[in-house]
Amino acid sequence: MDLNNILSQLEAANEKEIEKLLQQYNRENSHTFTFDQKEEALRSKLCQSVLTVLGRQVQPTCQKTCLETLRILSRDKRVLAPVATREGMLILGGMARLHAGEDGGDNSQEGTYSEEEERVVVEALKCLCNVVYNSTAAQQVSVDVQLAQGLCASLHTARTWHHEVGLFTLRLLFLLSALRPDLRGVLRRECHAVILLTEVLEHTLDVCWVGPYEAACPAPQAVPMSAEDNERAMEALKALFNLTLSETGGKEDDHQFRLIAAILRHVLMLKTETEEKTEEAHSHAVNLLNNLPVSCLDVLIDVPVQGGLEQYGGKNMDAIQVLLDFMEKRIDKGSNYKEGLTPVLSLMTEGSRHHREIRRYIKAQVLPPLKDVKIRPEVGTTIRNKLVRLMTHVDMGVKQTAAEFLFVLCKESVDNLLKYTGYGNAAGLLVARGLLAGGRGETQYSEDEDSDTEEYKSAKPFINPITGHVEDPMPNPIEEMSEEQKEYEAEKLANMFDKLSRQNVIRPMGVRPDGTLAPLEETLCDPPEDNSESDSD
């Protein structure tokens, strides 16, 4: 449909004609996401014309049609200038029942309205999501007219929300808190958004408290969470993630964070209608758990009413097992490790570092006592094999996170780590930590000792420390050489290394007394450290 024709007819059309005209445009462009650049000016004028119509007193059906048109147009970030104004954002905010502005009025969505009015609210919220996402000017205007405050006020009516109203209210709050970091403090302190979003999650997930920070575990035969509830819960989790990114403190925050941790444990134990959606829910839960103080993670295992395992101090490890299963699924996917895997690895690393029972349980699953040492640590299908393979991954962040996880499970003992991984796989971590000479990390761990199996003890003298396994005997290539041949080959090898070094192809390195790497000439010149007054063993 020709835009010039639409614009010319809109000027003189009445409400019914406007509605009919725009409905035809909407039908033709409902699936259009790329637009002709030559018509940018015309589409911008259409935005302005539609806003003018919305500024008048028209019927809900006409409002809905105009908003559908505006939603289609807002997919093009180049034509949003008329909308990204104070007047435009106030019109959309009013249509969404957010009552944004500084008039001190009631900034909340009304809990009840007709079906037609609800469609208007939903379309307005969809428009606002598109406009805020695509326009930095609209983001600034949203701050100026206090749109986020209007959204937070609407959270008070969450129990009466229809699905799409709730979904797009939460999505808009997520977008604003993601795109405008300066809003997060205001939302937390002045609007109490963290508390409000926590209440939204409690209601959406139908949490039933059986203790201070313990939600009743869903029954095995319970009906999976509906797709609609899951969608709203995911948007709330994403908004909470943004709001908990920056540091906070105080007793009130600690209580709120522990409450969130308990709800996230509930999320981990829930099932949704599909395995894919369940995994997505677990992913958002992991991301948010990473933002919480590590001291709050005891809420995941401290559930007195449900009970726990005697060998782990009576702690309940169900949620930790879910995290381990989630981690293995992400490893098996074989792609997108940075966003998909490193968050859960980081979470379990910090949980293991600060909570003894979590570390002991995870180590029992990931690094059980060694028995068969004839196979290289990175070969096989166990979770240990998969993690050791990641220690040499091409992505530096992935390899460091995987290595740090295993190092913490070994109580940051170099000897224990090498036992499970071999020196070759662990070299990157040891270089980064300055532990090439051995020793321990800085964290203090409990004194409980790891017991080796009889199989490992008997094979230990024959294990190659570099590869971490017992190798089959190999023929000695110099066994039949004369002494002159051996001397010739040694000199030849030394000359090759010297040539590569002079050409800067390689650089010989050595280990300083403190365990860090340095050019060989520097390490040869470094005097040995005087440890005569040291208390260390």
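## Helices α6 and α9

Helix α6 passes helix α9 in a left-handed crossing (left-handed if the near helix is turned anticlockwise from the far one by less than a right angle, right-handed if clockwise). Helices here are DSSP runs of H or I with at least four residues, strands are runs of E with at least two, and both are numbered from the N terminus. α6 covers residues 115-134 and α9 residues 163-179; their axes come within 9 Å and cross at roughly 20 degrees. Those axes are lines fitted to C-alpha atoms, for helices over the stretch in contact, with angles from 0 to 180 degrees between N-to-C directions. So α6 and α9 are roughly parallel (under 35 degrees is roughly parallel, over 145 roughly antiparallel, 65 to 115 roughly perpendicular, and the rest oblique).

Contact means heavy atoms within 4.5 Å. On the α6 side the touching residues include Val-121, Leu-125 and Cys-129, and on the α9 side they include Phe-168, Leu-172 and Leu-176. By class, this contact has 13 nonpolar, 1 polar and 5 charged residues. Ala, Val, Leu, Ile, Met, Phe, Trp, Tyr, Cys and Pro count as nonpolar, Asp, Glu, Lys and Arg as charged, and the others, Gly among them, as polar.

## What kind of model this is

This is a predicted model, where local features need pLDDT of at least 70 and side-chain atom pairs count only at pLDDT 80 or more, while totals for chains, interfaces and linings use all residues. Residues are numbered from 1 along each chain as its sequence is written, and side-chain values use heavy atoms, leaving out hydrogens and water.

## The whole protein

There are 25 helices and 6 strands in the protein. Its C-alpha trace spans about 105 × 60 × 45 Å along the principal axes. The radius of gyration is 31 Å, whereas a compact globule of 537 residues would have one near 24 Å. That radius is taken over C-alpha atoms, and the globule rule is 2.2 Å times the number of residues to the power 0.38.

Helix α11 (residues 193-205) packs against helix α12 (residues 227-243) at about 160 degrees, with axes 10 Å apart. The two are therefore roughly antiparallel, and their crossing is left-handed. Leu-197 and Leu-201 of α11 are among the contact residues, as are Ala-236 and Leu-240 of α12. The contact divides into 11 nonpolar, 2 polar and 2 charged residues.

Then there's α2 (residues 15-29) with α3 (residues 40-54): their axes come within 13 Å and cross at roughly 140 degrees, which makes α2 oblique to α3. This crossing is left-handed too. Ile-18, Leu-22 and Tyr-25 of α2 meet Arg-43, Leu-46, Val-50 and Val-53 of α3, giving 6 nonpolar, no polar and 1 charged residues.

## Helix α24

Why does the length of α24 make sense? At 1.5 Å a residue, its 20 residues (483-502) should span 28 Å, and its end C-alpha atoms are 29 Å apart, which agrees. The expected span is 1.5 Å times one less than the number of residues. After α24 comes Asn-504, with a positive phi near 60 degrees.
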